[in-house]
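This report describes a pair of metal sites and the helix packing around them. Please consult the sequence and the model displayed below.

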Amino acid sequence: MAIDAMKSMEILSKFESGEPVTVAFYYPDQNVMKSLNSIFAKILAKMDFIYLLDTLVTIQREIIINAAKANAKRIFFQEEGMDITDPMQYAQGMARFRNEIVGELETIREKLSKSSLRIRVRIQKTPKGAVINVTNNTPILPEELDRIKLRMEKARSFNDFSEAYEEVYDSTEGAGLGIVLVTLLLKNSGIGVESYKISSNGTATNCELLIPNELRPQEITTNIKQEIIRQVEGIPTFPKNIIELQRLCHDPDSSIAEISNKIMVDPALTSEVMKLSNSAGFITSKRVENVNEAIMTIGLKNLNAILMAASARQILDKRFSKFEQIWSHCNKTAYYARLLAMKFRLQKIVESVYLAGLLHDLGKIVLLSTNLELTNWISEIVNNRKIRTSTIMEEVSIGISHSSIGELIAQHWLFPDYLTQSIRQHHSPLNCPEEFRDQVNITYLANMFCGVESKKYDYFYFEGEVLERYGITSVEQLQKLHQEISNRLEPESQT
Ligand SMILES: [Fe+2]
Ligand SMILES: [Fe+2]
């Protein structure tokens, strides 16, 4: 692949001058997709649309996978000696193709490499905006094109993804789902359905997407979203004893005995402080047995973070369902975040990223409590289709993501800006203001490492620009860093 070598400055100046930036390949493996994502990131940043990155990456992934499938289909029919234009043979061949190849596209990779079939992505700046053309050199059959257009038309009538649930779930060809997803993303992002065109000229198929200079987003409003906003408004404020404790933590005249006595009045809080102090990797040789010891070991700044997190969790667990799994994931993220901050010599933010880790997914508690079935369905789709983040799927299905719900809760509780930003952008670090970049990046990285461990993400998913900031330039280096911090995890907190 030549694109890795292509310097980002070169790509940008080429794009800026109106010259097309072109990438051609026979199979969209992770390296190809990663390079394309980084080109998209640079171009969108230039257009001041970096927040569109996940949307664009998801749309392009759908388009490119379809182009690869179309090429694979041609090879399959050729190899089997079947005539793709004969309706009978087409039906038989397609049934076999779906069973044997789709989902296992990798099996045909070798044959694709030996064929003359290629996919070409061409990005060009025009007066209207950036135009991305994805071309594969096999023509689409007229009836296939008609079917896609019909499905796109149908997809336009859906307001959100959950509305399409029945319809796409039953469809025999998984393709229906992709079309609905792309259409809703186009609508929701403001790129617009009319900016996407598919055509065929008898020798090739082309998908054109215009990212217009001006966007017209259509906000998705669902009943669930309304319900969630109502729920967040009804969340109680922090209890007085916590606010008083936080004041004591900041007061140089207060004593540890005074603070620990105040904590011990509340048994639930005491147990949470003990649990977090013991699980968060602060302890080097032995477990802490009481609150006094806990404070001595972790220090007042970390205690303050634990108090805030424990209190937030208590309030949410009482009001919504208890999701132990989410909190233990947050504990691990927090631990990784601390280690990463130390590793990158960002001493000033060690405690703040720890707290951000502890609370980054709090929006999920509200989301899951409001509609567990739908939320599970969303994560199933995210995993199956290898979408980089659940955020955009939540946005097109519910109208709001767990990150944005988290932001609403953070604002409701008057959290400091760095914390609100870390919660809001923990899946989209490139969107955050410069001021909070390190806090957001570290929370993002820690969460990504957890995602790799739970097989949700791959090292290829990591945002290149975030990694570059900390001098990580290869997957090997990233893997090594992960290994290093996970080795330091105590066995008891490995959940
Ligand atoms: Fe998250
Ligand atoms: Fe998370």
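This is a predicted model: local features need pLDDT of at least 70, side-chain atom pairs count only at pLDDT 80 or more; totals for chains, interfaces and linings use all residues.

Donors are N, O and S atoms within 2.8 Å of the metal (3.2 Å for Na, K and Ca); water is not among the atoms, so sites may look incomplete. Histidine 360 lies in the loop between α15 (350–359) and α16, and asparagine 447 in helix α21 (residues 437–453), so the pair ties together parts that are 87 residues apart in sequence.

Four donors count as tetrahedral if all angles lie between 85 and 135 degrees; four count as square planar and six as octahedral if opposite donors are over 155 degrees apart and all others between 65 and 115; anything else is irregular.

## Iron ion (ligand 1)

Asp361 (OD), His402 (NE2), His426 (NE2) and His427 (NE2) coordinate the iron ion (ligand 1) at 2.1 to 2.3 Å. These donor residues are spaced D-x40-H-x23-H-H in sequence. The site is irregular, the angles among its four donor atoms being 85 to 171°. The iron ion (ligand 1) and the iron ion (ligand 2) are 3.5 Å apart, and aspartate 361 coordinates both.

## Packing of α16 with α19

Helix α16 (residues 362–370) and helix α19 (residues 402–412) have axes that come within 7 Å and cross at roughly 110°. That makes α16 roughly perpendicular to α19 (angles under 35 degrees count as roughly parallel, over 145 as roughly antiparallel, 65 to 115 as roughly perpendicular and the rest as oblique). Leu362, Gly363, Lys364, Val366 and Leu367 in α16 meet His402, Ile405, Gly406 and Ile409 in α19, where contact means heavy atoms within 4.5 Å. By class, the residues of this contact divide into five nonpolar, three polar and one charged.

## Packing of α9 with α16

Helix α9 (residues 223–233) packs with α16 at an angle of about 125°, the axes being 10 Å apart. That makes α9 oblique to α16. The contact is made by Ile224, Glu227, Ile228 and Gln231 of α9 and by Val366, Leu367 and Thr370 of α16.

## Conventions

Residues are numbered from 1 along each chain as its sequence is written, while chains are lettered from A and ligands numbered from 1 in the order in which they are written. Local features need pLDDT of at least 70, side-chain atom pairs count only at pLDDT 80 or more, and totals for chains, interfaces and linings use all residues; side-chain values use heavy atoms, with hydrogens and water left out.

Key. Axes are lines fitted to C-alpha atoms, for helices over the stretch in contact, and angles run from 0 to 180 degrees between N-to-C directions. Helices (H or I, at least four residues) and strands (E, at least two) are DSSP runs, numbered from the N terminus. Ala, Val, Leu, Ile, Met, Phe, Trp, Tyr, Cys and Pro count as nonpolar, Asp, Glu, Lys and Arg as charged, and the others, Gly among them, as polar.
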